[in-house]
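Subject: Structure handover

Hello,

Please find the structure below.

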Amino acid sequence: MADCHLKDVRCREDDARLVLQWRNDPVTREGSFHTGERHWADFWPDFRDGYPPAGAARPQFVMCAGRPVAFLRFDPPRTGHGDDDLVEISINVAPDHRSRGIGVAALHLAEGYLHRFGHAGILALVKADNAISRRVFEKAGYQATGEISVTPSEGMPPTVAIRYIRPLKRESGTMA
Ligand SMILES: CC(C)(COP(=O)(O)OP(=O)(O)OC[C@H]1O[C@@H](n2cnc3c(N)ncnc32)[C@H](O)[C@@H]1OP(=O)(O)O)[C@@H](O)C(=O)NCCC(=O)NCCS
């Protein structure tokens with residue numbers, strides 16, 4: 001993974017189309033809280049309007065050998081769980097690049113990127129039955145801190161997730 005690095009996912013249709021393509025992969029959907037397929041007509045407005053403001057962590061592609069091989073997204077934590085000083089990470093490795101160590105490498109790169117934003121730590125909510133993802137977060141040094149019930153959206157049944165935390169050391173001069 002020596003030649004892998006992060007690159008901003010831009011607020012552009014070509015980047016968003018690649019994110020959508022990977023997001024609709026059946027294994028990705030199975031590992032996500034929202035398992036339904038998404039369509040460009042509603043995905044693009046959500047992507048464009050939800051693009052982080054200046055000063056916040058931007059979504060990232062992991063680039064290996066010059067090609068995008070994974071996607072990382074960073075969101076404010078869901079309200080009501082007392083996690084306001086954390087940032088929630090989502091990860092999706094390109095379907096044809098899985099099981100090659102990219103997931104763990106991507107989480108290490110994310111950690112390096114997130115230091116500058118002043119969060120106390122990174123939060124990951126992983127479906128309890130997503131064994132590969134749990135393994136990857138644990139290998140990357142995340143600590144399981146218990147189970148939590150996640151309701152993806154109103155009216156949907158709750159899913160049991162494992163709550164993982166990776167503390168971040170704050171850099172001097174960060175934005176918090
Ligand atoms: C989960 C995901 C991010 C992992 O990334 P990856 O690049 O495939 O994972 P890696 O190659 O870095 O590591 C895979 C690890 O899981 C292990 N693994 C593979 N299959 C497994 C299984 N069925 N059960 C437990 N561990 C498993 C591998 O052995 C490897 O561990 P090892 O290096 O100790 O042998 C990726 O598969 C993915 O994007 N999946 C779809 C989306 C998703 O589930 N995202 C996470 C939502 S929280």
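Seven strands make up an open sheet with mixed pairing, in the order β1-β2-β3-β4-β5-β7-β6. Helices (H or I, at least four residues) and strands (E, at least two) are DSSP runs, numbered from the N terminus. Two strands pair if DSSP finds at least two bridges between them. At the edges stand β1 (4-8) and β6 (143-150); each has a single partner strand, so one side of each lacks a neighbour in the sheet. On average, neighbouring strands of this sheet are turned by 30° against each other, direction ignored.

This is a predicted model: local features need pLDDT of at least 70, side-chain atom pairs count only at pLDDT 80 or more, and totals for chains, interfaces and linings use all residues. Residues are numbered from 1 along each chain as its sequence is written.

Some strand pairs in detail:

- β2 (residues 60-64) and β3 (residues 67-75) pair in the antiparallel sense over five bridges. Gln60 stands opposite Leu72 in β3.
- β5 and β7 run antiparallel and are joined by seven bridges. Lys127 has Ala161 in β7 as its bridge partner.
- β6 and β7 also run antiparallel, joined by six bridges. Here Ile148 stands opposite Ala161 in β7.

Next, the helices. Two packed helices are described by the angle between their axes and the distance between the axes. Axes are lines fitted to C-alpha atoms, for helices over the stretch in contact, and angles run from 0 to 180 degrees between N-to-C directions.

Helix α1 (residues 13-23) packs against helix α3 (residues 40-49) at an angle of about 120°, with the axes 10 Å apart. Glu13, Ala16 and Leu20 of α1 make the contact with Trp40, Phe43, Trp44 and Phe47 of α3; two residues are in contact if their C-beta atoms, placed from the backbone, lie within 7 Å. The residues of this contact divide into six nonpolar, no polar and one charged. In these classes, Ala, Val, Leu, Ile, Met, Phe, Trp, Tyr, Cys and Pro count as nonpolar, Asp, Glu, Lys and Arg as charged, and the others, Gly among them, as polar.

The axes of α4 and α5 come within 9 Å and cross at roughly 45°. That makes α4 oblique to α5. Gly103, Val104 and Leu107 in α4 meet Val136, Phe137 and Lys139 in α5. By class, this contact has four nonpolar, one polar and one charged residues.

Regards

Notes
Parallel < 35°, antiparallel > 145°, perpendicular 65-115°, else oblique.
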